[in-house]
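Let's walk through a couple of sheets and the charged side-chain pairs around them. Have the coordinates open and follow along.

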Amino acid sequence: MPSRACPRLPLLPCLTLTLAVMACQRSPVDEAFRFSSDASSRTGLVALADGVLLGNEAGTVLRLDREGRPVWRVGLGREVATAPVVAGGAVIAGTVVGDVVCLTMEDGKERWRLGGGFPVLTPPVVDDAERTVFLVAPDGEVLALAVDSGQVRWRRPAPKETEPREPASAAPLAPAPGPLPGSGVRPVGAPHPAPVLVEGVLVVALGASGLWALDPESGVARWSQPVTDVVGLDSERDTVFVATRPGRVLALSMKDGSPRWEQRFADGVTGPP
């Protein structure tokens, strides 16, 4: 162990401490419960104050309590491929055939259902007031629905390749010079990364159409940047962080999309920052 990691301590206490830490790291976790939803799941778990939510490939949405006991189970008919979202005392889930369903948190009863839409393959997000849920279609269309009724607040069609990229004053980012490992156009139908909503701006990555910042109240574009092949977004205060498959990690101003810094990794990036 380097001396700076254990200042002014003799070798034996340092060695003892190291072995103790290693022993703790090898200790198995205690199993709280075990539960099967009777089908594979791609949604992961949504944490609640008193349990979890999940969806599965059989089209079931489940709520479990802290002991892993089902509180309710609702069948939606087709696969739930993304994590449900919680808003306004309700659970909103989408299916791969384009159904969006709102269920009561307490007992899973259906509040409203919209059918015939686009496949829900990108995780939805909800605004801070829990009044609006935003969904992104595989082709780049963005839809805003009222949480309480399912009414369409606004719908923004997928941007065209010829659509102006700079509705605001953001300085465009230079494209990556030359082909980088792992680059390529996102195929039609593939899910986009989960959007981020912060500082009153909804930021969505729309494949070959680039990165777009939308007004959550109206869907009007505030700025855009030609950043493609995005594998994940994150945000902190007034900055959005963008990771791309070819290996670019960027920090952009949430206000106008202007670049703050950029790093590049030769091996590429496979997930969000």
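In this predicted model, strands E17, E18, E19 and E20 line up in that order as an open sheet of 4 strands, with antiparallel pairing. Who sits on the outside? Strand E17 (230-236) and strand E20 (259-264) are the edge strands; each has a single partner strand, so one side of each has no neighbour in the sheet. Going from one strand to the next, the twist averages 15 degrees.

Zoom in on one pairing here. E17 runs antiparallel to strand E18 (residues 239-244), and 6 bridges connect the two.

In the model, the 235-273 span is 51% strand and 0% helix, and its end C-alpha atoms lie 9 Å apart.

Now for the other sheet. It is open too, with 4 strands in the order E13-E14-E15-E16 and antiparallel pairing. Its edges are strand E13 (196-198) and E16, each with a single partner strand, so one side of each is left without a neighbour in the sheet. Ignoring direction, neighbouring strands in this sheet are turned by 20 degrees against each other on average. E13 and strand E14 (residues 201-205) pair in the antiparallel sense over 3 bridges, and Val196 stands opposite Val203 in E14. As for what holds such strands side by side, the pairing in a sheet goes through backbone hydrogen bonds, in either a parallel or an antiparallel arrangement.

On to the charges. How many salt bridges does a search of the whole structure find? The count comes to 15. Here are some of them, with the N to O distance for each:

| Salt bridge | N to O distance |
|---|---|
| Arg155 and Glu141 | 2.8 Å |
| Asp229 and Arg245 | 3.6 Å |
| Glu236 and Arg237 | 3.9 Å |

Take Arg155 and Glu141, whose side chains meet in a salt bridge. This pair links distant parts of the chain: Arg155 is in strand E12 (residues 152-156), while Glu141 is in the loop between strand E10 (132-136) and strand E11 (142-146), 14 residues apart. Arg155 is partly exposed, at 49% relative accessible area. Glu141 has a relative accessibility of 14%, so it counts as buried, the cut-off being under 20%.

Asp229 and Arg245 also form a salt bridge. Asp229 lies in the loop between strand E16 (221-225) and E17, and Arg245 in the loop between E18 and strand E19 (248-253), so the pair ties together parts that are 16 residues apart in sequence. Is Asp229 buried or exposed? With 8% relative accessibility, Asp229 counts as buried, whereas Arg245 is partly exposed at 33%.

Then there's the salt bridge between the side chains of Glu236 and Arg237. Glu236 counts as partly exposed, with 45% relative accessibility, and Arg237 counts as exposed at 62%.

Finally, look at Asp65, Glu67 and Arg69: these residues are linked in a network of salt bridges.

Methods
Residues numbered from 1 in each chain as written. Predicted model: local features only at pLDDT ≥ 70, side-chain atom pairs only at ≥ 80, totals over all residues. Heavy atoms only, no water. Pairing = 2+ DSSP bridges. Axes fitted to C-alpha atoms, helices over the stretch in contact; angles between N-to-C directions. Salt bridge = Lys/Arg side-chain N within 4 Å of Asp/Glu carboxyl O. Buried < 20%, exposed > 50% of the residue type's maximum accessible area, 1.4 Å probe, protein only.
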